[in-house]
Each structure stands twice: as structure tokens, then as C-alpha cells.
Amino acid sequence: MGTNGSTMLKPLRQGLPPLDPAAVSDAASCALPARYEAVREARSFTRRTLDQWDVGERFDDICLVVSELVTNALRHAVPGEPERLTAPQTPAVRLHLMRWTERLVCAVRDPSHDTPVPRDSDDFSAESGRGLFLVDSFSDSWGWHPLAGTLSGKVVWALFRLRPAE
């Protein structure tokens, strides 16, 4: 890796992938509480959703990436201690899944304005910071953008190419 390992992770600040929102064939989203159990909730929500959508061999990749994005959002983006957090009526993190004919995007919205930064770490036992490398490895592309208008925070997204249905 010699040189600063984040070169492969450069496409960071991008808008959403070039997909027409009007052409979405399926979309689902869920609000996640600011607790670490939310990662489990996000995973089971993703599994149930993907079961209905028939995403074929990308199923495990998508579930893994959703876990990483939600974990990152809870670990880095939510203020305070994740156990006793934020007003109950404002979910800290929101997960969106959207499917087009041959693409699927998972997007995680969180209240932080900080750029998601892959930690350069050769220490693979280091838990933190590997998440974005996993996202980069298992998705076809990913990026993030700040939210506009009245919403504060950002969205981190990952895109998966799907095989066309037979």
C-alpha cells in the first residue's frame, strides 16, 4: 500500500449516482434509533427487503455494506453516547434502499457534516476505519453528499450492479 492508501477511495464527494429517481422500481426506507442494536435492525430490514426484490448473488454484499454504513453513521456521526441519545422523535439515522432494473443503491442519512474518512490502517485487527474499505470492496461505487435545504447532515451511498432478470 506504501503511498497513502486512500487513493482508491477518491470518488468520495459525489452526488447520488446518475440514476433517474423517477425510474426507481422499488424503494424502501427505515428510521434507525441511535443505538448499536440499530445495526441488527438495519440488517433484518435489508434482508426482508432484498428477499422481496430478488437481487440474486449481490444479497450478501449488500447486507454487509448496509451494516458497515449504519455502523459508521452510529459510530462517527451521532453526537453523544449512542446508548442514551437524541430526542426520540428524530431518528438519528435513516436507511434507504432503492432498486432500478439493474442497479441497487443503499443510502444512509446521518446528522453529521463530517466527511467520511477511511482510516489508513495496516492493522487489520483495528475495527474502526475498515468499514469504508469494505464498502469500497463490496460495492460497485460509493460516495457521499451533504444534505440540502432544511435537512442537516449527509448521505453516504453505495451502488450495486444487478444482473438483469432472466
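Colleague: Which residue in E2 stands opposite Ser29?

Modeller: Keep in mind that this is a predicted model. E1 and strand E2 (residues 93–99) pair in the antiparallel sense, over seven bridges. Opposite Ser29, the residue you find in E2 is His96.

Colleague: And what is the order of the strands in the open sheet?

Modeller: There are five strands, with antiparallel pairing. Strand E1 (26–32) and strand E4 (141–146) are the edge strands, each pairing on one side only. From one strand to the next the twist averages 15 degrees. Put together, the order reads E1-E2-E3-E5-E4.

Colleague: OK, now H1. At about what angle does H1 run to E1?

Modeller: H1 covers residues 37–53, and its 17 residues reach 25 Å from the first C-alpha to the last, close to the 24 Å expected. The helix lies across E1, E2 and strand E3 (103–110). Its angle to E1 is about 165 degrees.

Colleague: Why do the buried residues of H1 line one face of the helix?

Modeller: The buried set is Ala38, Val39, Ala42, Phe45, Thr46, Thr49, Leu50 and Trp53. On the face turned away from that buried side, H1 carries the exposed residues Arg40, Arg48, Asp51 and Gln52. Looking down the axis of H1, the buried residues line one face because they fall within an arc of 125 degrees.

Colleague: Take Thr49, then: buried or exposed?

Modeller: Thr49 is found in helix H1, and leaving out residues up to four places away in sequence, it touches Ala28 and Leu97. Its relative accessibility is 6%, and the cut-off for that class is under 20%. So Thr49 counts as buried.

Colleague: Last one. How far apart in space are Gly56 and Arg163, C-alpha to C-alpha?

Modeller: Gly56 sits in the loop between H1 and helix H2 (59–77). With a relative accessible area of 42%, Gly56 is partly exposed. In sequence, Gly56 and Arg163 are 107 residues apart. In space, C-alpha to C-alpha, the two are apart by 7.7 Å.

Key
Residues numbered from 1 in each chain as written. Predicted model: local features only at pLDDT ≥ 70, side-chain atom pairs only at ≥ 80, totals over all residues. Heavy atoms only, no water. Helix = DSSP H or I, 4+ residues; strand = E, 2+ residues; numbered from the N terminus. Expected span 1.5 Å × (residues − 1). Buried < 20%, exposed > 50% of the residue type's maximum accessible area, 1.4 Å probe, protein only. Arc of directions from axis to C-beta. Pairing = 2+ DSSP bridges. Axes fitted to C-alpha atoms, helices over the stretch in contact; angles between N-to-C directions. Contact = heavy atoms within 4.5 Å.
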